[in-house]
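Biologist: I am new to this structure. Could you take me through it by question and answer?

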Amino acid sequence: MHHKNFTMTSKQALLLIILFFSFSVQVSAQEANLPKWYDTFSIRGYIQFRYNGLFQTNPNLGCEQCDKSWGKDAGFFIRRARLAFSGQIGKQVYFYFQPDFASSTSNGLNYGQIKDAYFDIGLDPKNEYRIRLGQSKIPYGFEGMQSSSNRLPLDRSDGINSAIANERDLGAIFYWAPEKKRELLAKLTRNNLKGSGDFGIFALGIYNGQNSNTKDLNSSLHTVARVTYPFEIGNQIIEPGIQAYTGKYVIAENELSPGVKYTQDRNYLDQRIAATFVLYPQPFGIQAEFNVGKGPEFNKQTDSIEVQNLKGGYVIASYLIKNEGQAIIPYVRVQYYDGGKKQELDARSYKVNDFELGIEWQPVKQFELVGSYYFSHRRYEDFELRDNVQEGSLLRLQAQLNF
């Protein structure tokens, strides 16, 4: 057997070492030019400062889910104080973490609480297919996904927001959107057209169904699905959509009055379907949503919490005026809701007919003022609060800092 074909001369060995060293230097140089994972971090946030005490005609009129500074003892109030940390830490890995430092408890105000804590795993190089894991917004309702820093009315509507308190829950959600549609969704927010953000063209997910920062109370997960399709017609952008969810909601023991009747396991059917239509303000805009479904609601005739039908929605008309870097957006909103609020005491029964006139002024990108004159007619009743109908009006003011 001859071994000369396997013998390496000193010159060949030296050449191989030089080539290997050269390749290593090139790879190291390329890696040095790549952004580090911490270089992709983005930090932003906003603070909302409110006063609801001007021209208030009925101090007994309030909205527990909307704004706890409504009604009696109205004073200055920090509605939100949030920091958002996010980053594309890998080509197909994205994270988002947002705490809020203006949460309220029975002991006081301005406590820290996690709002969002999730990461996206891209299933393809363009991240057109992705799975979101953690606590995040549930894709139900355009205004539910729309950031509070980006919304015109100071609070979300009762009809849509009663579906998922704080708009968030723990779960796993699949999102899909072509690259061009993702770019359009980003453009709608970037250009101050009051977009909802990128929650895909199609979404399908499962989640606990007990609202954010709350552990699951049964072994039955909620299921949610959404389809939306923004498209351009000339200078106009239109986005229709439809979404639905279903599951079993458990009413917590601390949300039950002594004496109220309820099912033995406190499990109630919780399901809805909603339609959305948005004409983005260029300059005239319309945003409308309506949903129907079934859920727990207090019945004062039987002193019981029962599964009942619900329905409600809203319409917003707005007009965007841009002038020398400033933006002025007058708007009007009407809303209606007839149904229960599962997350309130005894799944409190509501009938809401509200109307508001408002205007948003952004003198600079970092600061905005909102004034809203609100007219409300609300019936809200539970086992202890019966035959309660409140009607009134008030001027609501908010200053918001964006950074």
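This is a predicted model: local features need pLDDT of at least 70, side-chain atom pairs count only at pLDDT 80 or more; totals for chains, interfaces and linings use all residues.

Biologist: How many helices and strands does the protein have?

Modeller: Helices (H or I, at least four residues) and strands (E, at least two) are DSSP runs, numbered from the N terminus. The C-alpha atoms fill a box of roughly 105 × 60 × 45 Å along the principal axes. The secondary structure comes to 4 helices and 18 strands.

Biologist: What percentage of the residues is buried?

Modeller: Buried means under 20% relative accessible area, exposed over 50%, and partly exposed in between, with a 1.4 Å probe and protein chains only. The protein has 403 residues, and the buried part of them is 48%.

Biologist: Which residues does the disulfide join?

Modeller: A disulfide is a covalent bond between the sulfur atoms of two cysteines. Here it is taken as a pair of cysteine sulfur atoms within 2.5 Å, and the count by this rule is 1. With S to S at 2.0 Å, the joined residues are C63 and C66.

Biologist: Is that disulfide right-handed or left-handed, and why?

Modeller: C63 counts as buried at 2% relative accessibility, and C66 is buried too, at 10%. The torsion about the S-S bond of C63 and C66 is about 45 degrees, so the disulfide is right-handed.

Biologist: How many aromatic pairs are there in the whole structure?

Modeller: Rings of Phe, Tyr and Trp (its six-membered ring) pair if their centres lie within 6.5 Å; planes under 30 degrees apart count as stacked, over 60 as edge-to-face and the rest as tilted. A search of the whole structure gives 16 aromatic pairs.

Biologist: Take F49 and F76: how many residues apart in sequence are the parts that this pair ties together?

Modeller: F49 and F76 are stacked, 5.4 Å centre to centre with 15 degrees between the planes. F49 is partly exposed, with a relative accessible area of 39%, whereas F76 is exposed at 63%. F49 lies in strand 1 (residues 42-54) and F76 in strand 2, so the parts tied together are 27 residues apart.

Biologist: And Y350 with Y380: which strands does that pair link?

Modeller: This pair is also stacked, at 5.5 Å centre to centre and 15 degrees between the planes. Y350 is buried at 1% relative accessible area, and Y380 counts as buried at 10%. The two residues are 30 apart, and the pair links strand 16 (residues 349-364) to strand 17 (residues 367-381).

Biologist: Over the face of which residue does K181 lie?

Modeller: A charge sits over a ring if NZ of Lys or CZ of Arg is within 6 Å of the ring centre and within 35 degrees of the ring normal. K181 is 4.1 Å from the ring centre, and the residue is Y229.

Biologist: Which strand gives the largest share of the lining of the second largest pocket?

Modeller: On a 1 Å grid over the protein atoms alone, a cavity is a set of points where a 1.4 Å probe fits but cannot get out; a pocket is an open set with protein on both sides within 12 Å along at least five of seven lines, and lining residues have an atom within 4 Å of a point. The second largest pocket is lined by 42 residues, with K68, S104, Q113, A165 and N166 nearest its centre. Strands 2 (76-90), 3 (93-105), 4 (108-122) and 10 (236-250) each give two or more residues to this lining. The largest share, 5 residues, comes from strand 3.

Biologist: How much space lies in the largest cavity?

Modeller: Grid points are joined across faces, edges and corners, and a volume is the space filled by probe spheres set on the points. The search finds 6 cavities of 30 Å³ or more. The space in the largest cavity is about 100 Å³.

Biologist: Which strand supplies the largest share of the lining of the largest cavity?

Modeller: The largest cavity is lined by 13 residues, and K194, P281, I286, Q287 and S318 are the closest to its centre. Strand 11 (267-279), strand 12 (284-299) and strand 13 (304-319) each supply at least two lining residues. The largest share, 3 residues, comes from strand 12.

Note on methods:
Residues are numbered from 1 along each chain as its sequence is written. Side-chain values use heavy atoms; hydrogens and water are left out.
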